[in-house]
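Here is a short report for a reader meeting this structure for the first time. Please keep the sequence and the 3D view at hand while reading.

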Amino acid sequence: MVSTDFDVVVIGGGHAGVEAALAATRMGATVAIVTMDPDKLALMSCNPAIGGSGKSQLVKEIDALGGLMGMAIDATGVQFRRLNLSRGPAVWSTRAQADRLAYTKSVVDFCRRQRGLQIIEGVAGEVLVDHGKVRGIRTESGEVILSKAVIVATGTFLGGLIHIGPEQTPAGRLGEPAACKLSNSLRNLGFEVGRLKTGTPPRLDGDTIDWSRCEPQPGEEPPPWFSYRSSPRELRQVVCHMTYTTDDTKRLVTANLAESPIFSGQIKSTGPRYCPSIEDKFYRFAEKDRHLIFLEPEGMGTSEIYPNGFSTALPESIQRQAIRTVIGLENAVITRPGYAVEYDYCPAYQVRPSLETRRVAGLFFAGQINGTSGYEEAGAQGIMAGINAVNHINDAEPLVLDRSEAYLGVMIDDLVTRSTTEPYRMFTSRAEYRLALREDNALDRLTRYARQYGLIDDQEAVAFEKLCAQTEQEVRFLRNTTVRVAELGPFESRFKKQTSVSLSHLLKQPGVGLEELLLIMKKGGKPRRPASDALRRAAIQIRYEGYIAKQQREIEKFKRQESEVIPDGFDWQNMNGLKNEAREKLLRFTPSSLGQASRIEGVTPGDLAVLAVHLKRFRDSPA
Amino acid sequence: MAALRLAGKRSLELLKLHFKPAKPSEKFRPFLMRYGVFTGADGEQLDEVLAVYMPEKHSYTGLDQVEIFCHGGQQIVRRILGELVGSGARPAEPGEFTKLAFLHGRIDLTRAEAVAQVISASTEASLKAGREHLFGAYSEHIETIRDDLVTVIADIEAGIDFLEEDGESDNAASLARITSIEQKIARLEQSYDGGRIINEGFRVVIGGRPNAGKSSLFNLLLRQERAIVTGTAGTTRDYLSEWIELSGFPVNLIDTAGLRQLGGSIEKAGQARAEEMISEANLIIWMVDLSRKTWPSLLRHDLTELPKIPILLLLNKIDLIQQTKKDLVRKIDSTVSSSTVITSCKSGRGITRLKTKLVEAIESHMPDMTSGLVVTSARHKGKLGQALRDLRRARKNLVAGESPELVVFDLRQATSALDEITGRIYTEELLGRIFSKFCIGK
């Protein structure tokens, strides 16, 4: 046995690194986080918010797997609300404004208390590998830390280069150095390393904003918390604001496009289309005269404001002028300039669905290094990498969630079957089984894994079982309780042929949600029922049950396709009969099932047929 | 001229063994046609031929391949084949080259199916449909519809995922789009009836009382038109079935010789089979013997007993009576709306008009034949029907103000139905088709 210092070393203390380290320690491993600044764990480098469409589902999944993100935001959020409330519950997405520094502090405190976890200040410079197996890391200062598994979660620090106008500074965040040696170490190990870009807006001094000219956006009462494990707390929610750019903004930004490194040619890597810089917005959507800007507080103890929607890499002097053309920001003072940052990533075909690299056993990638963007995406990968690093050490099968089980499964499957062309952000539309992958049932979907791997304690498991029992009870209540049609008010006209209707039937009507139902019950003199979590869950379950039964058939089809597993020893090289493009793609992504192969771009039905034939031959041939 | 194809590792070797080039100094170069003499193993010169060699990377079959073009006489072709087999070749199984092309990724499964259809096409229309599928016009058409559908989905999805941006989803526009997609799919689905006729033939049953002239008509049509030789044609005790090509359409002619010989010698089972033949027909030609005085009342009676299938009335044996068309038609009850042709199978009078009527009847079963986009598979028709049902539900929900994730759900279901036609979605069914079409592995 080679002696090691830790079971797992996690490089980077961001959202991915922290969840990875915590999951691994919960499974009993000894873990070290190697980070440049132990006081900045899980720092929100960009917007001070957690959740949003597609992302909140990831947070709920992290929470179901025993992760920290949901609890941390519940403890430090300053405003909570659900997006998409006018749409159906499958796409309801919780979003919270965070007190940025309080969030980090709570994560730091939590990690310091976590047994088995050590936080080491340092900069990882090299991944140590012996005969294709990871052995640990060497820091830039030369210190060697031996481990059985290494998780790389470097965010924008890997080869980070910040652009403000024509100025370029190597940095991971503004004022914080980049990690440059580690990229070379990965290249030397044979990894393909690419470049991506992202950006952030300038921060404003809230005391210099004319709030009377902006539209207020209050939080939702009571606050929709993220974690079922959080204990409710008193919260006086802060108000966010919305405002708009003006014709002057458009004129000024358009006139100065050439000053932006995004347009001058200085930045060649691709940024996210869904989160464009203000330069991009005016350039690509020239027909639009104004753009929406959200003014979000960075926390309770600070007056700093994050103008969401105004990401820019224009020179600081132009940023100053441009921000003052926005309604209400006429006298606004910039506290920190916006910037664009380019960083290294490793195209994710190089990792398996377990997030272990194909090239080096025991080496895992999580977060932006896999080409994603966002705290939630990072945290979700982190927790999977942490679980599977320990599985690797224990010689156990990796945990791989599939597309029908979790957003997490959708994300990782997307990453390993698609070429990254821009930073990957989660959306609900990426999940084809969206109606079954909801915020409200993340626990039902994932608690069994959390228990299997010891990620939650008995108390939490019992709480979940209680919730399930209550939900079943409420489902029975909704099915067995009827109301008279005459008492339905605006919905009466929909039930002309009957005199009474069950609550469950009502719930399936367009426009009838739990709120409407409770109102109807109240009018009908039915026993008042509190809008408990269990009742909410029951109502959603009933509303979708018909669709989900139908979706189940699709899921079964999908599962059959996934079960056509392509074994590890499959001979990809000698598979004649494929078009070159398809051969290259298959060799690159080495899919682990026919289903996965079918999702690789550029692989046609004909190619799949050929692959199926070879696979059958391979299986039938005597070993 | 005849063309012979050899595929496999030893193709070139075998060619060199039997082919004496006119210019022996030249080497075999890929795709270069060479002129020379084909000789037998004993040195006998069999024929002047052209020969070409295609290396594995660039051939249809994906194997080393040789093609020999010789004179077309059956005798000479048989001799050359015999020599090649004598030297170690074996005759290809039907469709084997296409199977090789498929297994080597030269063509995908839908194209392989299309090749099979082109090869086995018995008529011009069948060939045309096969070609449309082969050159991908059909898949392209479905892909275009799919694109439209994805655009609608994207619009609605944008409203869900990017609600904070402006760009409220425009329901009216989505509704109009969905309706137009529905129409396109419905049109395609309806073409299936035409597609079935292309593949299975337009089924015409010749019926009538004994001695109405059914067999005469049957034989006359077979004599005048190109008969199609098929494996299914055959004679039973109960009926005769033959195929002819009429204006490019395959027509399956069925002579129910024994039917309606009520109380005759035909056994019950035979009767039942003949009844079944009639019920599956696209058209009945009902023949009337004008020389029987009671024909109008017999006809009225018979018409009430025939199944609800389009009927073409043939007033036959006009040569035996002295009456005008007007008189005849007056004798038919005005309630009989079937189109009528007056014929004499003996003199041939009216037969051309009968054929015109037949072609008209076939064409009326063929919607949108001009585009050549015809659904010929029951599986495809099923999927199109499924897509239509999903689209209708989506439209209904959109109108009713149902929440968008449910509208999208049905739209996505419709998309996957289309994807299963083009093979974009990989299903076990597809795998099953591969393994049933081609014997692979053990």
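## A helix with a buried side

Helix α10 of chain B spans residues 295-305, and its buried residues are B:Trp295, B:Pro296, B:Leu299, B:Asp302 and B:Leu303. These residues lie on the same side of α10(B), because they cover an arc of only 125° around the axis. The arc is that of the directions from the helix axis to the C-beta atoms. Buried means under 20% relative accessible area, exposed means over 50%, and partly exposed lies in between (1.4 Å probe, protein chains only). Helices (H or I, at least four residues) and strands (E, at least two) are DSSP runs, numbered from the N terminus.

## How to read the model

This is a predicted model, in which local features need pLDDT of at least 70, side-chain atom pairs count only at pLDDT 80 or more, and totals for chains, interfaces and linings use all residues. Residues are numbered from 1 along each chain as its sequence is written, chains are lettered from A and ligands numbered from 1 in the order in which they are written, and side-chain values use heavy atoms, with hydrogens and water left out.

## Chain B as a whole

Chain B has 15 helices and 13 strands. It has 442 residues, and 49% of them count as buried. Its accessible surface is about 21600 Å². Carbon and sulfur atoms hold 52% of that surface. Such areas come from the Shrake-Rupley method with a 1.4 Å probe; for residues, only the protein chains shown count as cover.

Contact means heavy atoms within 4.5 Å. Among the contacts in chain B with a separation of 6 or more, 65% are between residues 24 or more positions apart.

## The largest cavity

The structure holds 8 cavities of 30 Å³ or more. The largest cavity has a volume of about 110 Å³. Its lining has 13 residues, and those nearest its centre are B:Arg209, B:Met287, B:Val288, B:Asp289 and B:Leu298.

A cavity is a set of points where a 1.4 Å probe fits but cannot get out. A pocket is an open set with protein on both sides within 12 Å along at least five of seven lines. Lining residues have an atom within 4 Å of a point. Grid points are joined across faces, edges and corners, and a volume is the space filled by probe spheres set on the points.

## The second largest pocket

The second largest pocket holds about 1600 Å³ of space. It is lined by 50 residues. Nearest its centre lie A:Arg82, A:Trp92, A:Ser532, A:Asp533 and A:Arg536.

Which helix supplies the largest share of the lining? That is α16(A), with 7 residues. Helices of chain A that each supply at least two lining residues include α2 (55-64), α12 (442-452), α13 (458-480) and α15 (514-523).

## Domains of chain A

The domain bounds come from an automatic or database domain assignment. In chain A, domain 1 covers 5-157 + 347-452, and domain 2 covers 203-339. Domain 3 covers 470-548, and domain 4 covers 564-620. The centres of domain 3 and domain 4 of chain A, taken over C-alpha atoms, are 49 Å apart.

## Buried loop residues

B:Gly201 sits in the loop between α7 (171-200) and β6 (202-208) of chain B. B:Gly201 counts as buried, because its relative accessibility is 8%. Leaving out residues up to four places away in sequence, B:Gly201 touches B:Arg196, B:Trp243, B:Pro250 and B:Asn282.

In chain A, A:Ser404 lies in the loop between α10 (375-393) and α11 (407-417). With 11% relative accessibility, A:Ser404 counts as buried. Beyond its neighbours within four places in sequence, A:Ser404 contacts residues including A:Tyr433, A:Leu437 and A:Phe558. A:Arg173 is in the loop between β11 (167-170) and α5 (181-188) of chain A, and is buried at a relative accessible area of 12%.

## Backbone details

The peptide bond from A:Glu221 to A:Pro222 is cis, with omega near -10°. A:Pro222 belongs to the loop between β14 (215-217) and β15 (240-244) of chain A.

B:Phe31 is not a glycine, yet its phi is positive, near 65°. B:Phe31 lies in the loop between β2 (19-21) and β3 (34-39) of chain B. Is B:Phe31 buried or partly exposed? At 49% relative accessibility, B:Phe31 counts as partly exposed.

Technical notes. On a 1 Å grid over the protein atoms alone, a cavity is a set of points where a 1.4 Å probe fits but cannot get out, and a pocket is an open set with protein on both sides within 12 Å along at least five of seven lines; lining residues have an atom within 4 Å of a point.
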